[in-house]
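Subject: Structure handover

Hi,

Here is the structure for you to pick up. My notes on it follow below.

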Amino acid sequence: MEVSFMSYILLAIILFSMGIMGVISRKNIFIIYMSLELMLNSINLILVTLSKHFGNMDGQIIAMMVIAIAAAEAAVFLSLIVSLYRLKHSINIDDYNTLKQKGTL
Amino acid sequence: MSDTIFLILALLALFGAGTMITVSNTVHSALGFIVTILALSGLYALLSASFLFMVQIIVYAGAVIALLLFVIMFLNIQSSHTPKEPNKYLFMLISAIVMLPIDYLLFRAFYTMTDIENFSITSKDFGTVKMLGLELFRNWLLPFEAISLLLLVSLVGAVVMARKKERS
């Protein structure tokens, strides 16, 4: 028996909410970055599933472009982390408060 | 056969994601993410997307995660440097409760699509390099070129941002 495409969709939805949970609950900037990538991957899984379901190639093309953009994002994000670490000597997002207005909160 | 493979790969992906968002050591978290990526590439192969299967392994597991691990080791992050997160499970519970209605809505929205006719019996070369390349260079040429420009810009931007400031 072939697996229904709803099981793929369910897996992708669960992975997406796990990514949201990681972004909200963690303070380590690397883990937040990996949670963002996990969300992009779950969207890719939905795209490929629907591409197979409708017999159309466009979903796979868009998934490939999402992978390319994620690679570009990885380069910029990691260089930003390196430059932030030189400035603050920390990977805790609570220390990145240069733009915070003084005296509030 | 294929639903057994799906079950194993789905459990692996969930296990990797759960490891990634709960473990406090950064390198262990990245290793959990690699498990998720490889399980997802196996799912792409099950969905007859053979080229995306290769791209996922080469670009994600080979380039992105390798770069991430390289940066983690380059910054030499000890376990004493990782931030203290005393109530991370409480925040996870809250965010899971917030996400549940959205997930239910999404699931219902996709469930209505099951009525649409299923085209899943497709031609034999669906998802191969040839079909994907023909589609990409016929109908998606302009977005493809735009993405190559984006990659160039992000390359220059990464070099500029990670450079040490010159003392003048």
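Chain B has a radius of gyration of 21 Å, whereas a compact globule of 168 residues would be near 15 Å. Please keep in mind that this is a predicted model. Along the principal axes, the C-alpha atoms of chain B fill a box of roughly 60 × 45 × 30 Å.

The fold of chain B is quickly described. The chain has 6 helices and 0 strands. In sequence order the pattern reads α-α-α-α-α-α. Of the contacts in chain B with a separation of 6 or more, 58% join residues 24 or more positions apart. Buried residues account for 33% of the 168 residues in chain B.

Next, surface and charge. Chain B carries 10 positive and 9 negative charges.

Then the interface. How much area do chain A and chain B bury between them? The figure is about 7100 Å². Carbon and sulfur atoms hold 79% of that buried area. Three residues stand out on the chain A side: A:M34, A:K52 and A:M57 supply 9% of the area that chain A buries against chain B, more than any other three residues. By residue count, the contact takes 72 from chain A and 83 from chain B.

Last, two backbone points to check on your screen. Most residues other than glycine have a negative phi. Two residues here go the other way.

- A:H89 is not a glycine, yet its phi is positive, at about 55°. A:H89 sits in the segment after helix 3 (58–88) of chain A. Is A:H89 buried or exposed? A:H89 is exposed, because its relative accessible area is 61% and the cut-off for exposed is over 50%.
- B:S48, also a residue other than glycine, has a positive phi near 55°. B:S48 belongs to the loop of chain B between helix 2 (26–46) and helix 3 (50–74). The relative accessibility of B:S48 is 24%, so B:S48 counts as partly exposed. The reason is that this value falls between the limits of 20% for buried and 50% for exposed.

In short, chain B is a chain of 6 helices that buries about 7100 Å² together with chain A. The positive phi values are at A:H89 and B:S48.

Over to you.

Best wishes

How values were computed: Residues numbered from 1 in each chain as written. Chains lettered and ligands numbered in written order. Predicted model: local features only at pLDDT ≥ 70, side-chain atom pairs only at ≥ 80, totals over all residues. Heavy atoms only, no water. Helix = DSSP H or I, 4+ residues; strand = E, 2+ residues; numbered from the N terminus. Rg over C-alpha atoms; globule rule 2.2 N^0.38 Å. Buried < 20%, exposed > 50% of the residue type's maximum accessible area, 1.4 Å probe, protein only. Contact = heavy atoms within 4.5 Å. Lys, Arg positive; Asp, Glu negative; His and termini not counted. Charge placed at Lys NZ, Arg CZ, Asp CG, Glu CD. Buried area = accessible area lost by both parts, 1.4 Å probe.
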